[in-house]
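Below are some notes for a colleague who is opening this entry for the first time. Please read them with the structure in view.

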Amino acid sequence: MSELMRAARLHAVGKEMVVEYVERPHATGTDVVVAVKGCGMVPNLANVLANWETWYPQMPLPPRPAIFGLDPVGVVHEVGEGVVNVKPGDRVYVNPGRSCGACHACADGRQQHCGYWTLNGYFGYNANSLKMFERYPHGGFCEYMRAPQSALVKLPDNLEFRQATRLGYLGTSYAAVKKLAPLAGKTLIINGATGTLGVGVTLLALALGAARIFAVARGLPLLERLQALAPGRIEIFSNLHGGTASWVKSRTRGIGADSMIDTLGAVASLDSLKDAMYGVRRGGRIVNIGGTAGELGVDVKWWMDEQMELIGSVWFTVSEAIELADLLRSGTVDISVLQPKSWPLDEINEAISGVASGDGGFTSYLVEI
Ligand SMILES: [Zn+2]
């Protein structure tokens with residue numbers, strides 16, 4: 001006999017989500033069912049959903065009616081007969097990254113390089129993602145979701161569910177910071193430092209030993225709040241007041257910073273990225289994680305002559321999320337400055353439209369279930 005659960009579903013792009021009863025999933029094989037307790041809300045979700053299929057026609061959304069929700073946390077409720085090392089009652093984050101599990105990239109722990117790479121409950125990267133959505137039709141905006149055991153990250157006891165719904169953004173920041181390792185004693189430009197990814201990058205870079213952080217954003221009030229985290233290590237700059245590259249060079253005896261992470265989102269101008277990038281020193285490394293779109297005119301002579309590395313980094317692996325969970329357990333990374341702001345599932349549409357109401361990257365938006 002089928003049992004029902006509550007889920008928020010989007011029936012058509014441009015419409016509001018509808019909270020309704022749908023069939024509750026069951027666990028089979030190596031899958032589990034997680035009783036969802038909360039799910040992070042992507043800032044700007046409504047705008048993204050409304051424009052996605054026009055902006056990126058090659059990247060499918062899940063077929064409608066669809067259950068979105070990128071960053072679910074909860075308690076393992078049921079395990080399939082082939083599940084080992086996970087048991088009912090485990091507190092988990094469900095990494096939405098899905099991949100085939102059977103190719104060279106997957107076997108090598110590089111799920112993002114798989115031809116089936118998909119962010120479940122959000123969007124896919126090519127037509128293969130439709131297979132992933134069919135197998136895993138639940139994002140986190142519902143009471144129970146099915147997920148592969150390989151997607152689970154066990155949560156440390158000292159990390160409450162509300163804070164854990166930030167793991168997607170923190171994991172993305174962590175994967176970017178790792179690409180700059182070792183960061184100890186080095187200098188780093190964070191472009192878009194006060195946004196959801198930027199604050200995460202700042203917290204992780206501080207924890208992992210960055211000597212000086214050049215935090216760049218538009219508004220000074222949030223920049224000042226960021227600087228207060230470590231006044232001796234963070235310098236702040238509003239790019240409304242001039243060029244980032246010349247400011248960074250003026251602070252580094254004309255040399256530039258060792259590296260940069262760009263976190264700006266889909267609708268940001270590329271001029272800001274390009275300006276900041278020229279503040280990186282010879283042999284420096286630039287990592288892009290924010291989703292900014294468009295053609296970036298890069299002088300390839302500069303790229304070669306100065307031996308620059310430009311790196312794209314999308315999401316993170318489960319292994320990176322396990323490392324991050326341990327950094328949070330041990331207190332090496334402190335996210336107590338992040339303030340959760342939540343809505344119940346019944347108010348999902350208020351949640352989607354309410355994400356501009358907080359303090360930039362200092363607020364974590366979520367739906368509690
Ligand atoms: Zn694969």
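1. Gln-307 counts as exposed, because it has 10 C-beta neighbours inside 10 Å and a residue with 12 or fewer is classed that way. Gln-307 sits in the loop between helix 10 (300-305) and strand 16. Setting aside neighbours within four places in sequence, Gln-307 is in contact with Arg-282 and Gly-283. Its C-alpha atom is separated by 7.4 Å from that of Gly-284, which is 23 residues apart from Gln-307 along the chain. As with everything in this note, the description refers to a predicted model.

2. Trp-315 is not a glycine, yet its phi is positive, at about 55 degrees. The cut-off for a buried residue is 20 or more.

3. Arg-253 also deserves a look at its backbone. Its phi is positive, about 50 degrees, although Arg-253 is not a glycine. The residue is placed in the loop between helix 8 (244-251) and strand 14 (257-262). Arg-253 has 7 C-beta neighbours inside 10 Å and therefore counts as exposed.

4. The bond from Arg-64 to Pro-65 is cis, with omega near 0 degrees. Pro-65 belongs to the loop between helix 1 (45-55) and strand 4 (71-79). A cis peptide bond also joins Ala-181 and Pro-182, and here omega is about -5 degrees. Pro-182 is part of the loop between helix 5 and strand 11 (187-191).

5. How do helix 5 and helix 6 meet? The axes of helix 5 (residues 167-178) and helix 6 (residues 196-207) come within 8 Å and cross at roughly 55 degrees. The two helices are therefore oblique to each other. The crossing of helix 5 past helix 6 is right-handed.

6. Which residues make this helix contact? Helix 5 contributes Tyr-169, Leu-170, Thr-172, Ser-173, Tyr-174, Ala-176 and Val-177. From helix 6 come Thr-196, Leu-197, Gly-200, Val-201, Leu-204 and Ala-205. Sorted by class, the contact of helix 5 with helix 6 has 9 nonpolar and 4 polar residues, and no charged ones.

7. Now the chain as a whole. There are 12 helices and 18 strands in the chain. Of its 369 residues, 46% count as buried. Among contacts between residues at least 6 apart in sequence, 72% join residues at least 24 apart.

8. Overall dimensions come last. Along its principal axes, the C-alpha trace spans about 70 × 40 × 40 Å. Does the radius of gyration agree or disagree with that of a compact globule? For 369 residues, a compact globule would have a radius of gyration near 21 Å, and the chain has 20 Å, so the two agree.

Methods: Residues are numbered from 1 along each chain as its sequence is written. This is a predicted model: local features need pLDDT of at least 70, side-chain atom pairs count only at pLDDT 80 or more; totals for chains, interfaces and linings use all residues. Helices (H or I, at least four residues) and strands (E, at least two) are DSSP runs, numbered from the N terminus. The radius of gyration is taken over C-alpha atoms; the globule rule is 2.2 Å times the number of residues to the power 0.38. Two residues are in contact if their C-beta atoms, placed from the backbone, lie within 7 Å. Axes are lines fitted to C-alpha atoms, for helices over the stretch in contact, and angles run from 0 to 180 degrees between N-to-C directions. Angles under 35 degrees count as roughly parallel, over 145 as roughly antiparallel, 65 to 115 as roughly perpendicular and the rest as oblique. A crossing is left-handed if the near helix is turned anticlockwise from the far one by less than a right angle, and right-handed if clockwise. Ala, Val, Leu, Ile, Met, Phe, Trp, Tyr, Cys and Pro count as nonpolar, Asp, Glu, Lys and Arg as charged, and the others, Gly among them, as polar.
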